[in-house]
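Good morning, everyone. Let's take a quick look at one structure together.

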Amino acid sequence: VHSVSKIHRIASIPGDGIGVDITEAAIQVLDTLSKTLGGFEFEFKTFDWSSRAYLERGWYMPPDGLDRLKEYDAIYFGAVGSPDVPDHISLWSLILPIRKALNQYVNIRPTRILPGTISPLTSCATSPTFLDWVIVRENSEGEYSGQGGISHEHSPNAVATEVSIFTQAGIERIMRFAFETARARPRKKLTMVTKSNAQRHGMVLWDKVFFDVAKEYPDVEIDKMLVDAMTVRMVLNPQSMDTIVATNLHADILSDLAAALSGSIGIASSSNLDPTRQNPSMFEPIHGSAPDIAGKGIANPVGAFWSAAEMVRWLGEGEAADGLMKAVENVTGAGIKTKDLGGDRNTREVTDAVCAEIERLF
Ligand code: ATP
Ligand code: MG
């Protein structure tokens with residue numbers, strides 16, 4: 001039988017540090033997935049946009065970089081950052097411009113306990129479902145507006161402003177996405193995070209829009225948390241939450257906490273979505289370049305695989321996405337894990353095990 005394969009064109013930006021190792025691992029697993037399942041193929045184009053390249057040539061992305069990305073079906077991103085470049089330079093040179101230019105206003109960060117991984121919350125770990133969250137992060141405005149400035153910069157009287165910008169339209173669209181996400185999950189429960197007791201303009205609008213949009217979703221159970229109390233609840237009562245919606249900054253912080261509570265920051269995935277599908281969406285593990293373990297071949301590739309699975313799902317290959325996650329879970333469940341998860345395997349061994357498991361499953 002001769003069948004035509006669908007081709008998914010992926011722009012790959014490995015970036016720096018362990019971003020390079022885990023992107024290579026993800027590409028190996030994705031190639032194994034397409035060869036084993038058939039019906040679709042990936043065509044990767046690698047872009048060397050990194051802090052390492054910046055230190056050599058003075059730029060991260062060429063002037064037409066954002067336009068070039070628009071030619072792809074999706075973007076796979078490793079990590080960017082270097083001890084030799086201030087973090088705000090690397091962030092604002094690459095990842096934040098991509099999110100903004102490609103209208104990726106939603107960032108989805110799922111967290112659950114994978115088989116064979118151990119949560120530090122051992123007192124709660126009586127049920128496998130005690131921690132199963134989806135954090136919906138506002139990804140386009142708020143605290144990451146980039147607006148503000150410094151006056152009297154090099155004097156003892158320096159004053160800096162960091163302006164958070166919240167718009168009705170921006171809040172409404174993230175709330176709708178969060179309610180749809182909550183509604184599609186079995187528990188139909190949405191927790192909204194805010195700091196409207198102390199931040200009395202943007203956060204108050206955030207609350208108001210949440211409760212307005214909630215009227216359109218009477219079947220979704222809602223509650224409201226201040227971000228400080230939220231960190232306590234995530235540790236002490238994790239099973240009481242399901243879908244969580246929070247601002248750009250709050251959700252960034254809460255998702256690192258969520259990843260740590262699920263066993264390691266090396267597990268978690270992050271999907272930067274343009275829900276209109278007019279631009280490619282971008283998929284990346286939540287962890288950074290981890291300079292402390294870069295080049296040692298010991299980075300946990302599970303967050304990279306989970307991100308790859310979410311990318312594959314977004315591209316319409318649901319069976320492949322489920323198969324990839326099943327393979328990852330069988331491998332962690334068998335105790336084949338990196339050091340951050342208490343195991344003794346390296347990146348390559350975990351990657352090869354996941355590929356072998358994909359071949360066994362299909
Ligand atoms: P960046 O500046 O790029 O954000 P960072 O070091 O500040 O880098 P992370 O890269 O997220 O932040 O690393 C935080 C800690 O978690 C480090 O100790 C790192 O070694 C560890 N870590 C992060 N990702 C992984 C991974 N995939 N596998 C194992 N350990 C990891
Ligand atoms: Mg960091």
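**A strand, a helix and a ligand**

Start with strand β7, residues 159-165. It is hardly covered: of its seven residues, the count of buried ones is zero. Keep in mind that this is a predicted model.

Which strand does β7 pair with? Strand β6, residues 142-151. The two run in the antiparallel sense, and six bridges join them. Pick out one of these bridges: G149 has T161, in β7, as its partner.

Now turn to helix α11. It covers residues 318-333, so count along with me, because there are 16 residues here and the buried ones line one face of the helix. From first C-alpha to last, α11 reaches 22 Å. That is close to the 22 Å expected at 1.5 Å a residue.

Which residues of α11 are buried? A320, A321, G323, L324, A327, V328, V331 and T332. Why do we say they line one face? Look down the axis of α11: these buried residues fall within an arc of 165°, so they line one face of the helix.

What does that buried set pack against? Three helices: α1 (18-37), α10 (302-314) and α12 (347-361). On the other side of α11, G318 and E319 are exposed. After α11 comes G335, with a positive phi near 85°.

Last stop: ligand 1. It has 18 residues around it. Which come nearest? G81, G266, H287, G288 and N300. And the make-up of that shell? Seven residues are nonpolar, eight are polar and three are charged.

Key. Residues numbered from 1 in each chain as written. Chains lettered and ligands numbered in written order. Predicted model: local features only at pLDDT ≥ 70, side-chain atom pairs only at ≥ 80, totals over all residues. Near = placed C-beta within 6 Å. Nonpolar A, V, L, I, M, F, W, Y, C, P; charged D, E, K, R; others polar. Helix = DSSP H or I, 4+ residues; strand = E, 2+ residues; numbered from the N terminus. Expected span 1.5 Å × (residues − 1). Buried ≥ 20, exposed ≤ 12 C-beta atoms within 10 Å, placed from the backbone. Arc of directions from axis to C-beta. Contact = placed C-beta atoms within 7 Å. Pairing = 2+ DSSP bridges.
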